[in-house]
Number of protein chains: 2
Amino acid sequence: MKANLKDLAKDLGISVSTVSKALRDSYEIGEKTKQRVLAKAAELGYTPNPYAGFLRNNKSKTIAIVVPELTNNYFIQAISGAEEIAQENNYHILIYTTNDNFEKEKSIIKHLMNGRVDGVLLSISSTTSSYMHFNELIQNGVPIIFFDRICHEIETAKITTNDFASGFLATEHLIKNGCRDIAYLSLSEHLSIDNKRKQGYFEALNKYDIKIDETRIINCGVDEKMNTKKIKKLLSGSKIPDGIFASVERLALKVYHVCNSAKISIPQKIKVISFSNLRTADLLNPSLTTITQPAYEIGKEAAKILFKHLSKRKSVLLNENIIIDSVLTIRNSTKK
Amino acid sequence: MKANLKDLAKDLGISVSTVSKALRDSYEIGEKTKQRVLAKAAELGYTPNPYAGFLRNNKSKTIAIVVPELTNNYFIQAISGAEEIAQENNYHILIYTTNDNFEKEKSIIKHLMNGRVDGVLLSISSTTSSYMHFNELIQNGVPIIFFDRICHEIETAKITTNDFASGFLATEHLIKNGCRDIAYLSLSEHLSIDNKRKQGYFEALNKYDIKIDETRIINCGVDEKMNTKKIKKLLSGSKIPDGIFASVERLALKVYHVCNSAKISIPQKIKVISFSNLRTADLLNPSLTTITQPAYEIGKEAAKILFKHLSKRKSVLLNENIIIDSVLTIRNSTKK
DNA sequence: TTTTTTTACGAAATCGTTTTCGTTTAATTT
DNA sequence: AAATTAAACGAAAACGATTTCGTAAAAAAA
């Protein structure tokens with residue numbers, strides 16, 4: 001049913017190699033022959049079998065994007081950006097989610113070890129505690145580029161936003177709007193981006209001579225019920241914080257839910273700021289002040305670097321940190 | 001660097017075919033040989049080259065998911081569902097977006113024609129006006145399953161929600177809450193799901209003896225600026241509708257924006273209901289009454305049907321319509 | 001003991017390309 | 001006219017696995 005080179009060759013009474021070269025517009029083939037081949041290919045609806053070429057060339061024109069979850073606007077925007085660049089470069093994209101599970105991440109990486117993809121774009125799982133699988137992948141000749149949740153221990157390109165500065169800025173914004181007792185909702189202690197945001201938070205507290213209170217650092221994780229419990233605890237009792245800095249969108253939404261049911265008014269009683277790529281931030285009640293990462297740009301940039309590296313037959317991917325700044329959008333959740 | 005079967009065979013002093021069979025646990029190979037091969041494979045970190053197998057077996061263990069856009073909660077949830085099933089079945093997922101562009105959709109389908117994937121899950125573009133490319137794909141032996149934005153003209157499995165009933169229910173809900181002049185915001189005149197929702201809307205109007213006013217059918221499209229203009233026009237002047245039924249989330253959000261800037265209060269002045277998979281529907285100002293499609297389930301179901309079909313060497317995919325009901329969640333945007 | 005069957009393995013074809021070498025004929029140079 | 005070069009094509013070897021078929025040795029049956 002599906003025509004291949006051999007079929008074309010037989011029909012035309014010429015050799016397979018001639019057909020192949022004609023289709024690739026080789027200088028070795030005469031003009032009239034090329035025309036005949038092209039015509040026949042169109043007639044039979046010939047399309048090359050990609051896997052045959054992959055096998056021969058050891059190139060799959062495919063990359064993998066590995067993210068902790070899909071139901072997260074940041075990752076979706078990043079993927080969209082990468083996808084745009086991939087389409088421009090005629091690359092295909094395989095998607096994998098780790099569900100923030102270390103074992104799953106390792107298993108996925110192992111599957112990518114064998115040449116299925118030419119490169120990987122990855123944001124590490126929050127439970128990842130060792131990095132050997134990444135090094136193994138690189139040693140197998142598959143370049144990997146980290147974005148957002150990066151891994152400093154691996155020598156490669158990494159794209160993030162200015163997490164430290166953004167953390168500082170977010171906290172300073174709360175302070176300037178009158179907060180003195182600010183809680184930090186941490187995504188995961190293992191992630192460098194979270195630590196940087198937290199360092200920015202510390203730095204701001206320091207600058208304004210606010211003592212750091214360790215009980216105001218809430219270490220959240222994968223278990224949503226546990227997160228809810230911790231946030232409920234934070235927001236109950238007599239001494240609740242007057243400001244909350246959420247390192248990630250879903251924790252801010254949780255705060256909204258808890259405040260709604262506990263009748264804690266935002267921003268009068270407590271002000272909330274969050275890293276977020278929510279499209280509806282301005283429509284929330286109240287509208288949410290956000291630090292928005294240029295996720296789409298980050299995805300595009302990560303893909304661009306990967307393709308640039310793949311296009312030249314150069315050796316290893318150099319160690320570089322690319323930073324694209326986030327933007328603070330002030331809305332009502334932090335209103336004085 | 002990367003070990004292949006030949007390397008294993010040479011190291012062990014046995015033939016390639018024996019190694020291959022040993023790894024596949026063939027009955028033809030003795031127990032001690034199998035052990036030796038397994039040990040050597042582990043030692044050299046052997047992983048099979050997937051493309052070699054694909055070429056040989058004409059099976060790629062890969063499916064494609066083609067959607068109009070990624071920045072849409074419905075599609076993301078559907079993809080997540082499909083991805084879960086794919087992981088269970090050891091399948092890989094290629095993602096493509098058409099950006100609601102017919103030409104792009106055709107081009108993507110053409111790329112999938114050559115055996116790159118074993119099957120396709122697709123939601124058609126809103127500008128798609130002919131279906132030959134789908135038939136061509138099927139004739140090339142690649143099964144395709146439609147979800148949500150389906151194509152009735154193609155004989156295959158299709159998964160949707162109960163669009164007609166949901167459209168009716170949504171409209172009836174508005175009527176019961178006092179609306180008499182309800183506008184319908186259409187996603188695209190070409191899409192059957194949109195038409196069904198609209199039919200449900202008509203049916204509800206009929207049931208309650210409300211005359212259909214064609215000027216209240218707003219045909220939106222891909223051009224966001226145009227959509228904004230149309231919605232602004234709808235909501236300006238002296239005679240604005242008292243209810244709005246948005247066929248898709250992003251149009252409802254546009255209504256919110258326009259109402260915000262025009263100081264039209266929801267739900268006092270106008271009530272809004274929308275098909276939507278927004279996670280933040282309950283946090284909006286006001287919270288949005290939604291018809292929520294079980295997107296995750298729909299994605300899972302679509303993938304399940306595809307894998308079931310792929311697992312048995314049967315011929316064609318039978319024509320069937322699977323319907324998973326949406327749920328109406330009443331919130332403040334339609335409050336009396 | 002002879003014949004048959006089973007067990008365990010290897011040789012080689014195959015999947016559909018790409019690419020390296022020839023090789024033939026025509027064109028060009030001495 | 002002889003020698004060289006260029007143009008146009010074909011044969012065959014890869015790429016790395018799977019699988020069919022053949023065969024030797026060992027085991028079982030006669």
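Tutor: A polar contact is a pair of N or O atoms within 3.5 Å; within protein, one must be able to donate a hydrogen and the other to accept it, and residues adjacent in sequence count only if both atoms are side-chain atoms. The model is predicted, so local features need pLDDT of at least 70 and side-chain atom pairs 80 or more, while totals for chains, interfaces and linings use all residues. Residues are numbered from 1 along each chain as its sequence is written, chains are lettered from A and ligands numbered from 1 in the order in which they are written, and side-chain values use heavy atoms, without hydrogens and water.

Start with N162(A). The loop between β5 (157-160) and α8 (163-176) of chain A holds N162(A). Helices (H or I, at least four residues) and strands (E, at least two) are DSSP runs, numbered from the N terminus. N162(A) counts as buried because its relative accessibility is 18%, under the 20% limit (1.4 Å probe, protein chains only).

What does the side chain of N162(A) reach? One polar atom of this side chain lies 3.1 Å from the backbone nitrogen of S326(A). The N162(A) side chain also makes a polar contact with the side chain of T161(A), at 3.1 Å. Now set aside neighbours within four places in sequence. N162(A) is then in contact (heavy atoms within 4.5 Å) with I323(A), I324(A), D325(A) and S326(A).

Now the interface. Chain B puts 50 residues into the contact, and chain A puts in 51. Together the two chains bury about 4,700 Å², with 56% of it on carbon and sulfur atoms. Buried area is the accessible area (1.4 Å probe) lost on joining, summed over both parts. On the chain B side, Y51(B), R116(B) and L283(B) lose the most area to chain A. Together they make up 17% of what that side buries.

Polar links cross here too. Between chain B and chain A, 23 residue pairs are in polar contact, both residues at pLDDT 80 or more. Elements of chain B that each supply at least two residues to the side touching chain A include α4 (50-57), β2 (92-97) and α11 (249-262). The most comes from α5(B), with seven residues.

Two salt bridges span the interface. Each needs a side-chain nitrogen of Lys or Arg within 4 Å of a carboxyl oxygen of Asp or Glu. R279(B) and E249(A) form a salt bridge through their side chains, at 3.3 Å from N to O.

Definitions and conventions. Buried < 20%, exposed > 50% of the residue type's maximum accessible area, 1.4 Å probe, protein only.
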